[in-house]
Amino acid sequence: MLHTPITRRSLLGLGGAAAASLMFAGCTSERSDGKVEVEIVSYKQEAVSIFEQIMKDFNASHDDIYLNIQSPADAVTVMKTRFVRENYPDVIGIGGDADYASFVDSQILADVSDYQGMSKVQGAYKDILKSVTYVPLDGIYGVPYVANAAGMLYNVDMFERKGWAIPETWDELIELCETIKNEGKVAPFYLGYADTWTILSPWNSITANMVPSDLARQVNAGKAKFADYYGEPARRMRQMLKYCQTSVDTGQKVPGPFSMSYNDACTAFGNGSCAMYPCGSFAVPQILSSSTGNINIGMFPMPSAQSPDDRIVVSGVDLQWCVAQSCPHKDAVYEVIDYLAEPDNLQTYISDQRAIPCIEGDFKLDPLFDGIAEWLDDGKVLDYLDHSYPSAMAVDAQLQTMLQNSADDDTAIQQFLEKFDTDWQRYNRDVIRKVTEYESQQ
């Protein structure tokens, strides 16, 4: 395994971030009351109340360990700042994304293959974590806790009332869109592309069904180009614009997809102005909080695979527990992780956050996931593609530019593909170098 030394520039990348480190003092292994303190810094601010209750219950029932869970604003920046100052929390709670890959590459995280509870983690999510890292690794550097999923959200009651079947192929989806458009009552989709990050959700779901699962790794190894695979997904993204709010005569004047925000699109879907919303489970709380009625939301896999039998669901590790390499009390940490994974505690989390457990067991999932339960149970899931994209590339903005391009499809898509491959080489130089060195040693 190859590593790059950790530096202030590589970890922080932001001026003034050092001030954030003052939020935490360095923790010690043993408190004045004799208990071992286990400090967790989590990026899940929306779950603060749940973790506060779990922390309270844990500390009331353990006389040898004190659990301290912090969920600061801008948590990842706080983590990076502490790492630079070598003031490591015992555990960090992050997603399985590029930040995780960077932390692994910098040798900050411990191999947790010896954690006995790992045998209860679904294999698909362990594989997803391995796929995120720059080069193949022997160990595993995080304990997956919960996941989320993306595909096509839909209005269940509207579908049942209209007798619309769930599309299983792209042609069937377009036929459904034509049916809805011709009725003229609602739009097939509302899209809130003014917030560019929302473009990544349909892009991930469409493209993951159409390209090799290890395409980013192939490109880094010089064995492929994105231009060889991304053309058709880009064409389908442009095709969807024909069935969004301003392309359909619904009898109401609304902002176009590039003027409407994420919150606007969530509200429109929640209020029944459209039949479907290409997004993820993370949007459901916003949809429900902003809608005026009680919408019954379901989800089905994005039907962009060549065959219905080949459909997959995009699902990433939304929260995992990563142990610092420097942690002096790994046994205590594992006891805490065991407690967090106890069925009652995990069920409390997944019920409140509408999450998917990464741990095997008899858990009750939100009805939202009924339509993709088969895929989750069988492990037919792949990670979000953008977890491998360098943030400096601003892929969401590139996609927005491609979608707004007034040129014909072939021209707009060709310009997008050329820029994507060029920028990948520019912004991914260090990773490409690591992969090239790794490949040369095999």
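Predicted model: local features only at pLDDT ≥ 70, side-chain atom pairs only at ≥ 80, totals over all residues.

Reply: Start with helix 18, residues 429–441. It has 13 residues and reaches 19 Å from its first C-alpha to its last. That is close to the 18 Å expected at 1.5 Å a residue.

Which residues of helix 18 are buried? They are Val431, Ile432, Lys434, Val435 and Tyr438. They cover an arc of only 160° around the axis, so they sit on the same side of helix 18. On the other side, Arg429, Ser440 and Gln441 are exposed. The cover over the buried residues includes helix 4 (98–105), helix 9 (215–220) and helix 17.

Now take helix 17, residues 409–427. Phe416 and Phe420 both lie in this helix, four residues apart, or about one turn. An α-helix has 3.6 residues a turn, so residues three or four places apart point the same way. Both Phe416 and Phe420 are buried. Their rings form an edge-to-face pair, with 5.7 Å centre to centre and 65° between the planes. The two also belong to one aromatic cluster with Trp203, Phe226, Tyr230, Tyr389 and Trp424.

Beyond its neighbours within four places in sequence, Asn405 is in contact with Arg238, Ala412 and Gln415.

Next, the charged groups. Asp410 is linked with Glu232, Arg235 and Arg236 in a network of salt bridges. Glu232 and Arg235 are three residues apart in helix 10 (residues 231–240), so about one helical turn separates them. Glu232 counts as partly exposed, at 37% relative accessibility. Arg235 is partly exposed too, with a relative accessible area of 30%.

Further out, the structure holds 17 salt bridges. One of them joins the side chains of Lys44 and Asp318, at 2.8 Å from N to O. The pair links distant parts of the chain, 274 residues apart. Lys44 lies in the loop between strand 1 (36–42) and helix 2 (48–61), while Asp318 is in strand 9 (residues 313–323). Both Lys44 and Asp318 are buried.

Glu168 and Arg311 also meet in a salt bridge, at 4.0 Å from N to O. Glu168 lies in the loop between helix 6 (156–162) and helix 7 (170–183), and Arg311 in the loop between strand 8 (297–300) and strand 9, so the pair ties together parts 143 residues apart in sequence. Glu168 is partly exposed at 35% relative accessibility. Arg311 is buried, with a relative accessible area of 8%.

Last, the aromatic pairs, which come to 25. Among them are Phe51 and Trp321, with ring centres 5.9 Å apart and planes at 70°, so the pair is edge-to-face. Phe51 lies in helix 2 and Trp321 in strand 9, so this pair ties together parts 270 residues apart in sequence. Phe51 is buried, with a relative accessible area of 1%. Trp321 also counts as buried, at 1% relative accessibility.

How values were computed: Residues numbered from 1 in each chain as written. Heavy atoms only, no water. Helix = DSSP H or I, 4+ residues; strand = E, 2+ residues; numbered from the N terminus. Contact = heavy atoms within 4.5 Å. Expected span 1.5 Å × (residues − 1). Buried < 20%, exposed > 50% of the residue type's maximum accessible area, 1.4 Å probe, protein only. Arc of directions from axis to C-beta. Phe/Tyr/Trp six-rings, centres within 6.5 Å; stacked < 30°, edge-to-face > 60°.
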